[in-house]
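The structure I consulted is shown next.

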Amino acid sequence: MSSEALSPDPETASAAGRVSPWRPDDPRVRPLAWASERSLPVSAPFGGLFPAGLPRGASIRVVGDAAPSAVLAMLAAATGAGAWLAIVGWPDLGWGAAAELGVDLARTVAVHPVPAASWPNAMAALLDGFDLVLVASQVPSTPSVLRRLSARARERGSVLLCFHTGGAAGASVAERSWQGFGDVVVEASARGWEGLHEGAGRLRRRRVSLRVEGRRVMGRRRSSEMWLPSSLGAVEAFQAPSPVGVVPGDVPQASARGALRALTSVEAGA
Amino acid sequence: MKAPDPQRQSPPEPVRTLVVVCPDWPVVAARHSPSAVAPGVAEPAAPVAVFSANRVVASNAAARRDDVVVGLRRREAQRRCPQLVVVAHDPDRDARAFEAVAAALATLTPRIEITEPGVCSFATRGPSRYHGGDADLARLAAERATAAAGVAVLVGVADGPVVARMAAAHAESGLPRVVPPGKAADFLDALPIASLAGLVPEPDLLVTLVGLGLSTLGAFARLSERDVLGRFGLSGVWLHRLSRGLDPHLLRSGDPPADVAATAEIDPPALRADSVAFTARTLAEDLVEALGGRGLACRDIVVTLQTEHGESHERVWRLDGPLSSDRPRSPVALIAERVRWQVDGWLSGPIGARPTAGVSRVVLAPAAVEPARGRQLGFWGGEAGAGERVLRAVARLEGLVGADAVRVPETAGGREPADAVSLVKAAAVDLGSRRVVKLGTSPANVPGGGVAAPPWPGRLPAPSPSLVHERPQPAEVIDAVGQPIEVSARGELSATPVQVRIDKTHHRVVGWAGPWLLDERWWDADARRRSARLQVALSDGSAHLMARSQQRWWLIATYA
């Protein structure tokens, strides 16, 4: 099979006497996976933070006081595009907020409670089947289990996310046990609510600043500000008079670069 | 090569089939096994029951005299029959022991299909002519199988395997039941519908039919097929065809493509069932993939084993047919299991029939196929939508953490944040074709005219809180002089909120709105719910939803 695939097609070679034009879907030159297959889409406001989307196989930790909304908003576009999401150990999730942020509830499965003894096995089973696995890090864990789960996510091409509200270091024992977790760490800090006055109005929108850093973000920090949630409950890019973080014109270039890098990493891996 | 399309062609004639049923086979197999599985199991008069997951899966006549029936819990069985011999279920043991029966019948005809350990069948066309008719063949089969099994077996001959199996069920031991060709409908006419229990994929349908007053198969058969299809769908038609004496399997199954078979040489030859099964597993993957590429799934499979000395052993196995109600299992695992059973049975079979060398070659070939419509996924239907990967992960997870802990959100609707969505068990829904009502949408802006959530006047507008506390936490909203704030019946606060106390910590209020009153189910004294809701933003940047009910404040949700 391999020798056949490598030798040029005799018909084409003899008839035309020249090399057939390169086609991107030619099995002989096609990369093992396209950059778009190696990542899950994110919604537009997150484009500056994840130019190539959420990389499959990544472990992502979202921390900070806006982490619950931020993590749901990050994976919403992927569920809309057909990815399946499992949410583990998050009994007080506000499903209304999840739906408003764009999470497709028809492709979401909630798992709770999980006995501590079968927790690693349950997580492994989820990583085998789901594209996105979101864990509320209210469950204490150990570095070795977390390392193995990250490795499993990498092997299966799932995205493993965890979040906690207590800052990067973690506020409780359970949160601190997750400290070393994550190729990518996203810090989501709330910058204040709008719409509430002394006895009037209602909560309308919140400004949140996000900062991404870690091994899988090409060595440089990215930051962005957005309305999370916006006045409709969804997420919207923050339009400030002087732009903070990524310049809008920079985005397509960055995304092309990201795609290229994903491609080269495939070739290097193959 | 074109894949056969069994759904379009008109159903062919049912294959005349002989079925041999060994009643209570797990008990018989336990008695036969050379190593005693439990003390006293071999005594002929002892009551014996075989248990799997603490439930009776088979019992013998002595045990049934004390009402030890299938499905009973172990403790209850032992209460009813204190001298009961308890045996753990072992499908491998059943299959191994059944090889003796299959080998005895193989002297009549080469192709024996093993439906499940304890039940096997073969087509009678050739052997019946050779042995002088169905009745003589059935008598011969009963004699040989009884001699091999050591217990009286039931034999039935009829048009099609399911009718033949029912004929066997109505046979008396030692006296085969032969339903003449074309008379299947007459045989079935007076049988109660309940006698199909265990033979059809959907037992619930039987209950429904009995509830509708259709107590016999004949009464059901007299309905028109069109009406049955309209009311009960394809599974109804399946049952309707069966009750008219047709072979319902022929609706779906067809002849396999001729060129699909998988062969593996084992070098050095294997003397253990496990190592052959290991090879068979990769082989099965190839076969399933080759069939899957044509949109087919394997229903029956022929497993051929050959040794170095040229001995050969061939059996046809039914793979997870519609008669079994197992949890969905992958076809690869089913095939590998059957290969293991066959090798085990051959190696430990009658001395004269045992192989003289290790197994050196395994050939897997499909014997009957059907369109691959996610059949292995059981009641989930398996239409595109949910990836098979997801369904398998969910099934696995339910085994690990329990079916109650794996749930999916369904829109329920309500005024409180916690009421908007309710979680239902994943096992109870069809994950493949789920539609969830979009929250907070009106019918006008749902694309495609889909379903939208009905309005809930009094519901707080978006954004919704991202944390809804499982149980509200007691809290206090305090005014400037440290007094708790009250809400009047008209929805007025007694003072301006200045501080909120949550969990013994005081936070300064930087903004607040409300209160919004809620008075639900006022017509029902027990279910009535009154509360006043207040949004507060605190000095630490957080925002919360508080509610006052039962004369105190609660923290019900957090905008995090």
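Is Glu99(B) buried or exposed? I looked up its relative accessibility, which is 6%, so Glu99(B) counts as buried (buried is under 20% relative accessible area, exposed over 50%, partly exposed in between, with a 1.4 Å probe and protein chains only).

Conventions. I note that this is a predicted model, in which local features need pLDDT of at least 70 and side-chain atom pairs count only at pLDDT 80 or more, while totals for chains, interfaces and linings use all residues. Residues are numbered from 1 along each chain as its sequence is written, chains are lettered from A and ligands numbered from 1 in the order in which they are written, and side-chain values use heavy atoms, with hydrogens and water left out.

Entry on strands. I took helices (H or I, at least four residues) and strands (E, at least two) as DSSP runs, numbered from the N terminus. Two strands pair if DSSP finds at least two bridges between them. I found that β5(B), residues 113-116, pairs with β6(B), residues 119-123, in the antiparallel sense over three bridges. The two strands form a hairpin with two residues between them, and Gly118(B) in the turn has a positive phi of about 105°. I then followed β5(B) to β11(B), residues 312-318, where the pairing is parallel over two bridges.

Entry on salt bridges. I counted a side-chain nitrogen of Lys or Arg within 4 Å of a carboxyl oxygen of Asp or Glu. The search of the whole structure gives 34 salt bridges over all chains.

I located one of them between Arg315(B) and Glu99(B), at 3.0 Å from N to O. This pair links β11(B) with helix α4 (residues 91-105) of chain B, and the two residues are 216 residues apart. Arg315(B) is buried, with a relative accessible area of 5%.

I next recorded Arg318(B) with Asp300(B), at 2.9 Å from N to O. Arg318(B) lies in β11(B) and Asp300(B) in β10(B), residues 296-307, so the pair ties together parts that are 18 residues apart in sequence. Both residues are buried.

What is the exposure of Arg528(B)? I read a relative accessible area of 38%, so Arg528(B) is partly exposed. Its side chain meets that of Asp519(B) in a salt bridge at 2.9 Å, N to O, and Asp519(B) is partly exposed at 36%.

Last, I noted a network of salt bridges that links Arg415(B), Asp419(B), Glu520(B) and Arg529(B).
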